[in-house]
Amino acid sequence: MHKLVSSRRVSVSLQKLTILKELAQLLGDTTLIAQVTILSAKTARLIRKRAATRNRKTTKAGILSIKTLRQILLAASRSVELWSVLFIAFVTGSRIGEVLLLQRRDLTLCQSGILVSFGRSKTNMEAYPRSDHNIIIPNPPKPLIECLVSWAPPPTEAIRRFLKRFTTEPVALNSRTRSIRHCTFHSFKRTAANMLIACGNLDDNVIATILKHKEGQHRLSSVTVGYTTNLEAVALRNGTHLAVQFLMDALIPDPKETAISTTARRFKKLLATW
């Protein structure tokens with residue numbers, strides 16, 4: 001059944017199962033009748049599922065403006081744990097769900113900054129250790145360093161409720177796509193990707209690597225990475241720390257912004273405490 005790849009094939013198989021069930025009933029084979037009945041039910045569910053998927057519109061998480069991003073981090077600064085999760089998600093180009101799966105051993109304070117190892121947070125564990133799973137946050141803020149002592153991310157639902165207070169920018173849509181206007185777990189990754197692509201000073205491979213996309217041509221293979229324990233050096237060879245630094249610098253408001261924006265002024269005061 002798992003080899004069926006099209007709805008047409010699935011429908012044909014359902015017809016064949018119906019014929020086979022009738023033959024089994026004529027032969028009086030109760031075991032075969034039971035097996036065919038189970039397969040028919042599974043095939044029918046698969047047909048309904050594919051039909052629903054075909055008619056359903058896909059959704060896309062919106063992109064955050066830099067002003068909204070600062071507002072979110074300002075509001076989250078009341079909780080060091082919440083702020084750290086959101087900050088890591090943005091500067092490492094990750095979904096918040098990937099950050100929530102990080103454990104204390106995946107965050108290491110090293111000479112170059114904080115080494116974040118996303119290997120254990122990926123759904124495909126067979127791909128570990130891939131070199132792009134290790135990202136360094138250079139010049140980490142003080143609250144992030146303090147949070148490493150007892151890494152305890154907030155509950156998923158608490159973060160979800162917090163983010164729904166903020167709206168995103170509209171994204172390019174087509175007839176089968178609708179935009180999610182409130183901030184979601186994926187909004188931080190989409191925002192980071194949008195800003196990195198707009199930057200003309202970063203290599204395309206570095207952008208694909210920090211976003212953990214399969215299209216990135218990894219500089220070191222999984223076999224090579226498995227031979228070393230110096231993951232800091234591996235992360236530096238990827239060059240993703242340059243992308244992280246760019247995203248961190250993008251959060252810093254310039255003098256023009258602080259002169260006209262209350263959010264920018266408040267965020268600058270927050271930066272001063274780092």
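Predicted model: local features only at pLDDT ≥ 70, side-chain atom pairs only at ≥ 80, totals over all residues.
**Entry 1: helix α4**

I listed the buried ones: L82, W83, S84, V85, L86, F87, I88, A89, F90 and V91.

Next I checked the length. α4 covers residues 80-91, and its first and last C-alphas are 16 Å apart, close to the 16 Å expected at 1.5 Å a residue. I also looked just past the end of α4, where G93 has a positive phi of about 60 degrees.

**Entry 2: the core around L86**

Which residues have the most contacts inside the largest nonpolar core? I found L86, I96, I137, L163 and F188, in a core of 54 residues. α4 gives the most to this core, with nine residues. I noted to myself that nonpolar side chains tend to be buried together in soluble globular proteins.

Leaving out residues up to four places away in sequence, L86 touches I72, L73, A76, I96, I159, F162, L163 and F188. Among these partners of L86 are I96, L163 and F188, which I had already noted for their contacts inside the core.

**Entry 3: R70**

I wanted to know about an arginine in helix α3, which spans residues 66-76: R70. Is R70 buried or exposed? Its relative accessibility is 4%, under the 20% cut-off, so R70 counts as buried.

What does the R70 side chain reach? I found the backbone oxygen of L251 at 3.0 Å. I also found a polar contact of 3.0 Å between the side chains of R70 and E257.

**Entry 4: cysteines**

How many disulfides does the structure hold? I got zero. I looked at two cysteines anyway. C147 has a relative accessible area of 4%, so I put it down as buried. C183 is at 2% relative accessibility and therefore counts as buried too.

I moved on to β3, residues 113-117. Five of its five residues are buried, so β3 is largely enclosed by the rest of the structure.

Which strands does β3 pair with? One is β2 (residues 107-110), joined to β3 by four bridges and running antiparallel to it. In that pairing I picked out T108, whose bridge partner in β3 is L115. β2 and β3 make a hairpin, with two residues between them.

Another is β4 (residues 134-137), which also has four bridges to β3 and runs antiparallel to it. Here I picked out V116, and its bridge partner in β4 is I135. I noted that I137, one of the core residues with the most contacts, falls within the β4 range of 134-137.

**Entry 5: T43**

Last stop was helix α2, residues 30-55, which holds T43. I got a relative accessibility of 0% for T43, so this threonine counts as buried. How far apart are T43 and L17 in space? I read 9.3 Å from C-alpha to C-alpha, with 26 residues separating T43 and L17 in sequence.

Key
Residues numbered from 1 in each chain as written. Heavy atoms only, no water. Expected span 1.5 Å × (residues − 1). Buried < 20%, exposed > 50% of the residue type's maximum accessible area, 1.4 Å probe, protein only. Core = buried A, V, L, I, M, F, W, Y, C linked by side-chain atoms within 4.5 Å. Contact = heavy atoms within 4.5 Å. Polar contact = N/O pair within 3.5 Å; in protein donor to acceptor, adjacent residues only side chain to side chain. Disulfide = S-S within 2.5 Å. Pairing = 2+ DSSP bridges.
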